[in-house]
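Thanks for coming, everyone. I have a few side-chain details to walk through. Please put the model up.

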Amino acid sequence: MAFHAEGLVAIIVFYLAILAVGIWAAWKTKNTGSEGDRSEAIIVGGRDIGLLVGGFTMTATWVGGGYINGTAEAVYVPGYGLAWAQAPIGYSLSLILGGLFFAKPMRSKGYVTMLDPFQQLYGKRMGGLLFIPALMGEMFWAAAIFSALGATISVIIDVNMNISVIISALIATMYTLVGGLYSVAYTDVVQLFCIFLGLWISVPFAMSHPAVTDIGLTAVHHVHQAPWLGSINSLDIYTWLDNFLLLTLGGIPWQAYFQRVLSSSSATYAQVLSFLAAFGCIVMAFPAILIGAIGASTAWNETEYGVPDPMTKKEADMILPIVLQYLCPVYISFFGLGAVSAAVMSSADSSILSASSMFARNIYQLSFRQNASDRELVWVMRITIFLFGASATAMALLASSVYGLWYLSSDLVYIIIFPQLLCVLFIKGTNTYGAIAGYLFGLVLRITGGEPYLYLQPLIYYPGCYPDENNIYIQRFPFKTLAMLTSFFTNIIVSYLAKYLFESGTLPPKLDFLDAVVARYSREHMDKATLVKSDNIVLNELAPVNPRHSLTLSSTFTNKEAFNYVDSSPELSNTEDN
């Protein structure tokens, strides 16, 4: 394949434009907020992100390289098809559920990161434990999409994959480093526009290629391969449901999502942003679905790609750039390449910023340096943005199973963080003992279920499991959802058991070594549980936790405070200004 200088020039122009927008947004950040809240401006954009920019940035966070490449791949792969392209519906429902139930309580109580309520209620130990799967999810996701971008660029313009990954990562890290959420948000607007325009321009040209059969015909008839609408085998229904619930419910507890929620100017705006992004995810999936259908409807032996087809060559995951390269004119494929690059950068920058925000706020400040100055926190975030960006780049270049690591870490987000988030927001009376027990039970059940991408054999063989071509057993049973539910109920049961044992006098107070039950109802210890001091952070950023000396069974499963809150964000901003 020949080197395409025009394509390289187009990518350079696109990257320079994105960098310029990011630097402009960074300059805008410096003129936002007072000198004392620069770190908060980097994390949550001064809490003044409007509907337009907020809707774009939240949509772009989900519509990344994995989203459009993965959707096209699912539609293309014979035997799977559109029926298995779960991301568009799954992520859209995730955003709707997040808007309905999670956005308002999180924004109303003025949290700064997703981990704040955990550290407030469960303490710094539990906050540190929950930081691990959250960090793994963000880092492996960024590495996976950097790797996908490098492969895409190497397919279309035939440049070294490693160079393309490094340059792309440097650009994304640079504007995130200087501007924080403002740079990420405003570049997301440009990137989402590029994704929409680039892919929709490519679709008509690819569809009109002589080697492409009418996609309406190939949707239901076997022409070059099985129909691209796909089907769900009766044996795979539970696997399909397990994966769908993972996308829908596991898509909620991500810092990248809550960073947009918490940057909204009000709790109501946070909900509206979630609904707008849900609609945006559906709209942006259509060109990717069509490109996958086009790939399934192409006689590849009649194109320059030749034989065998991408599926036989095990290049199904590259079907989107392959369609752009071989079914579109050269100048059109460069537009499409810009779209893919934009999609990757719009997700990677969000992941890097999210990981840095959680570390600076919840690990460095609230756990170790309660008296850290705002300037110190800003520098910690800048350093960690660079380090996390470099780590994601290194993993993309060196790890052979980045996607397997991301699959496992995203499972942990669903199995561990989601049930913990449910408990901390909506279930009364849970404590650190229950949280740790739920964490461990969920972790053990997930790891013992195995992971084919990492060639990890299961230790528990659930009904319906079978060996694949590598003799690694695949689980048909929805064991991920089982692990999530086990983690959830374990948290509640152990929390109430610990509460009963201590309050009834069965266990002496001195055995409450986590200060989670006895000491929790002392005002002195409650102040320690917030892990902050009044001279360096506004305490009303964290939700007030009132002492509860007794609870009835009927009130256990409905935390009415989570539903009957008042949108206190204007008051919070007034307090902070004063």
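How many disulfides does the structure hold? The count is 0. Keep in mind that this is a predicted model. Cysteine 328 is buried, at 9% relative accessible area. Cysteine 423 is buried too, at 0%.

Phenylalanine 205 belongs to helix 8, residues 161-207. Is phenylalanine 205 buried or partly exposed? Partly exposed, because its relative accessibility is 34% and buried means under 20%. Now take serine 333. In sequence, phenylalanine 205 and serine 333 are 128 residues apart. In space, their C-alpha atoms are 9.6 Å apart.

Next, aromatics. The whole structure has 19 aromatic pairs. One of them joins tyrosine 257 and phenylalanine 258. Their centres are 5.0 Å apart, with 65° between the planes, and the pair is edge-to-face. Both residues are inside: tyrosine 257 is buried at 1%, and phenylalanine 258 is buried at 0%. Which rings make up the cluster here? Trp62, Tyr257 and Phe258, linked by ring pairs.

Another pair is tyrosine 461 with tyrosine 473. The ring centres sit 5.1 Å apart and the planes meet at 85°, so this pair is edge-to-face. What does the pair tie together? Tyrosine 461 is in the loop between helix 17 (432-447) and strand 1 (466-467), and tyrosine 473 is in strand 2 (residues 473-474), so the pair ties together parts 12 residues apart in sequence.

Lysine 313 puts its charged end over the ring of tyrosine 305, 4.3 Å from the centre. Arginine 382 lies over the face of tryptophan 379, 5.0 Å from the ring centre.

On to helix 17. How many residues does it have, and how far does it reach? It has 16 residues and runs 23 Å from first C-alpha to last. That is close to the 22 Å expected at 1.5 Å a residue. Its N-terminal end is capped by asparagine 431. There, a side-chain oxygen lies 3.1 Å from the backbone nitrogen of tyrosine 433. Tyrosine 433 is one of the buried residues of the helix. Others in that buried set include Thr432, Gly434, Ala437, Gly438, Gly442, Leu445 and Arg446.

Last stop: threonine 113. Where is it? In the loop between helix 5 (87-108) and helix 6 (116-122). Threonine 113 counts as buried because its relative accessibility is 0%. What does its side chain make a polar contact with? The side chain of asparagine 362, at 2.5 Å. Leaving out residues up to four places away in sequence, threonine 113 touches Ile43, Met106, Gln255, Leu262, Ser357, Arg361 and Asn362.

Over to you for discussion.

Definitions and conventions:
Residues are numbered from 1 along each chain as its sequence is written. This is a predicted model: local features need pLDDT of at least 70, side-chain atom pairs count only at pLDDT 80 or more; totals for chains, interfaces and linings use all residues. Side-chain values use heavy atoms; hydrogens and water are left out. Helices (H or I, at least four residues) and strands (E, at least two) are DSSP runs, numbered from the N terminus. Buried means under 20% relative accessible area, exposed over 50%, partly exposed in between (1.4 Å probe, protein chains only). A polar contact is a pair of N or O atoms within 3.5 Å; within protein, one must be able to donate a hydrogen and the other to accept it, and residues adjacent in sequence count only if both atoms are side-chain atoms. Contact means heavy atoms within 4.5 Å. A disulfide is a pair of cysteine sulfur atoms within 2.5 Å. Rings of Phe, Tyr and Trp (its six-membered ring) pair if their centres lie within 6.5 Å; planes under 30 degrees apart count as stacked, over 60 as edge-to-face and the rest as tilted. A charge sits over a ring if NZ of Lys or CZ of Arg is within 6 Å of the ring centre and within 35 degrees of the ring normal. The expected span of a helix is 1.5 Å times one less than its number of residues.
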